[in-house]
Amino acid sequence: MIGTPSRPTRAVTGWLLVLPATVVLAAFTHLPIVTTLIASLHSRATAIRPARFVGLDNYRSLAADPVFWKVMGNTVAFAFGTVPVSIALALAMALWVNRRIAGRGLLRLAFFLPTMLPMIAAANLWLFFYTPDIGLLDQCLGLAGLSGHNWLGDPSTALPCLMAVTIWKESGFFMIFYLAALQGLSAELREAAMLEGAGPVAYFRRVLFPLLMPTTLFVSINAVLNAFKMVDPLFILTKGGPSNASNLLLYYIYENAFSFNDGATAATLTVVLLGLLAVLAISQFVLLDRRVHYR
Amino acid sequence: MFGRLTRAALTAAALLASSAAPFAAGAVDLTMYYPVSVGGPLTKVIDGMVADFEKRNPDIKVNAIYAGNYDDTRVKALAALKGGQPVQLSVLFSIDAYDLIEQDAIVPFEDVATTAEDKSWLSSFYPGLMANGVINGKTWGIPFQRSTIVMYYNKTAFREAGLDPDHPPATWTDMIAAAKKLTRTDGSRWGLMIPSTGYAYWMFGALAKENGETLMSADGTRTYFDKPPVVEALQFWRDLAVRDHVMPEGTIEWGTLRQAFVEGKTAMMWHSTGNLTEVRKSAPFDVGVAMLPANRAPGSPTGGGNFYLFKKATPAERAAALKLVRFMTEPERAAEWSIATGYMGVSPAAYETPALKAYVKDFPPAAVARDQLAVSTAELATYQTGRVRKLLDDAIQSALTGAKTPAAALTEAQDQADRLLKPYR
């Protein structure tokens, strides 16, 4: 008799179906989070002095570490500096290449190109753009009669230079999402708005932008998370310098773990980063959900 | 179709595996990690040397694994040890010795090199290259890929400025005087650049040594960052930009400095000897190489990688590992390695080999690093070396960018280093 399987059998089948994903997630995500939490409560381990339980000592010394606060400040500034600009640029580019213009395919490709380059390759390109005197940037300034600047060697410009690379790299990627959303919108909306006498600005503000809110939510969450996880260009461009002026959270974790051999502090920093990312993601969902118009 | 391909691949893999299995009874398998942190196809050179060794020692099989830069290699070797994978020896950063001792990962060579012949081999290297490897009277690291800092200068620019291209400046005063003549006021050429990203502490070790002071004690438990000669050295570095106007202000990028020199944007630069071959190939002008100029004394720190023997190994494996290290550092091999890479020959005997003698005769700058060895000092290495190094790097960069005075920056770094190192005294 082959009929509908009984409830227990179905439950077992269900569990078996999610088992592979659960095992992989547990082994590579959940378990490491738990071990990181445990490691952050223990002292730095060496063969001579094994790790021992120290409670919140690691968190206390982190709070007293001026470099940590500098790095946190940099990371927040980095997020504020890159996210709004890359989203605005992405939207502007999407609106532009969504129209029927000659060479639209080429233009879309050009906007998307930075995203396709590996970050390390892109950072190496920018390293030579920023190089004092011989770099592209200084040569352009020279043509305009301005003198060169030590872009990456000056604490006040090192972080903005990293931001520029990131904006250049990310906005093309976010443009794709906006473009997809724009293509999904019905042309009747525009016609209806025009019939009602709305100008292009009013149409954008009252119709288009609200309709794009789900995309904006998605993109902004991604952009903020990316900003807090940014690390690759630092290896090439500044190594966090001069004197931590451009050091970001993830690079500081790397330094602690692999350059200082200090797993305990690295674990503590990782817990802080995880907590931050969780809070950011949740608050963004809650805050923006109220203003997002889902169709 | 796909299934057949997979089967073919599996068969091939099985064949490879069986052919790689040891056939001699009592054979020893060695695993060695090594880094490459300069450009060029160095992995091929190492593979060739290892193949030579296996040919001469058929009962020893060496698995040499290229593992990235110095930090990557240390992390991978230690992770392999923790994971129970066999690693009997590795080439790691010469300044990692304290950390490796603290991790109880390595054994001193004296434990393994016990015969009279072994002992005379231990004392066959340049003492300057042993400084980072000998700790508390024991030899933990044997020099292999080692470098030092030299001054590259543009001979064409020297001639143009009315300077003698065959007599590069030998003192700080001479260097400033020459740099002033070489600097063009329109900013199109600087007199001198000393890089201050990536390896700022290394360059600073040279300046401190030239001012008559080392950066740390020989047992790695004390730093001397706030001693007056050290502070003066940093003031001198800062003054090159703000008082003498012969160097750009702010930090100078290690990675693009070679390009700036080759394009004539600076007439002199301090850089690793590891760049020698590349600079020689790409510069459109006559390149001169000189020892670093002296103030109270001449000198430069050494740099680069040493061989270490790991603790987790059987006596037979340790003996085989020692054999391999001895083979790799033999004068002939050291000469071959030096010519292929630009790293130094590690023993005086290496420079007596016909191959290296002929090479130096044809290309005299290759001997500058060797001559400087007589006055070289150890690279900054202490317990907690990564953190201490970073403290000094940050202090240097904040002084060079004008955020702090040299005295304030170095005193602060010294205080923090004291806190880190107190438990080790």
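Helices here are DSSP runs of H or I with at least four residues, and strands are runs of E with at least two. With that in hand, welcome to this predicted model.

**Stop 1: chain A as a whole.** Select chain A and colour by secondary structure. Along the sequence you will read α-α-α-α-α-α-α-α-α-α-α-α-α, that is, 13 helices and zero strands. The radius of gyration of chain A is 24 Å, well over the 19 Å that the globule rule gives for 295 residues, so chain A is more spread out than a compact globule.

**Stop 2: the surface of chain A.** Of the 295 residues, 41% count as buried. Now show the charged side chains, 20 positive and 13 negative, whose two centres lie 10 Å apart.

**Stop 3: an aromatic cluster.** Still in chain A, select A:W126, A:F129, A:Y130 and A:W168, which ring pairs link into a cluster.

**Stop 4: ring pairs in chain B.** Over all chains there are 32 aromatic pairs. Select B:Y70 and B:F93, a stacked pair at 4.3 Å centre to centre with 10° between the planes. B:Y70 sits in helix α3 and B:F93 in strand β3, 23 residues apart. Both B:Y70 and B:F93 are buried.

Next, pick B:F261 and B:F285, an edge-to-face pair with centres 5.5 Å apart and planes at 85°. B:F261 lies in helix α11 and B:F285 in the loop between α12 and β10, so the pair ties together parts 24 residues apart in sequence. B:F261 is buried at 0% relative accessible area, and B:F285 counts as buried at 14%.

Key:
Residues are numbered from 1 along each chain as its sequence is written. Chains are lettered from A and ligands numbered from 1 in the order in which they are written. This is a predicted model: local features need pLDDT of at least 70, side-chain atom pairs count only at pLDDT 80 or more; totals for chains, interfaces and linings use all residues. Side-chain values use heavy atoms; hydrogens and water are left out. The radius of gyration is taken over C-alpha atoms; the globule rule is 2.2 Å times the number of residues to the power 0.38. Buried means under 20% relative accessible area, exposed over 50%, partly exposed in between (1.4 Å probe, protein chains only). Lys and Arg count as positive and Asp and Glu as negative; His and the chain ends are not counted. The place of a charge is taken as NZ of Lys, CZ of Arg, CG of Asp or CD of Glu. Rings of Phe, Tyr and Trp (its six-membered ring) pair if their centres lie within 6.5 Å; planes under 30 degrees apart count as stacked, over 60 as edge-to-face and the rest as tilted.
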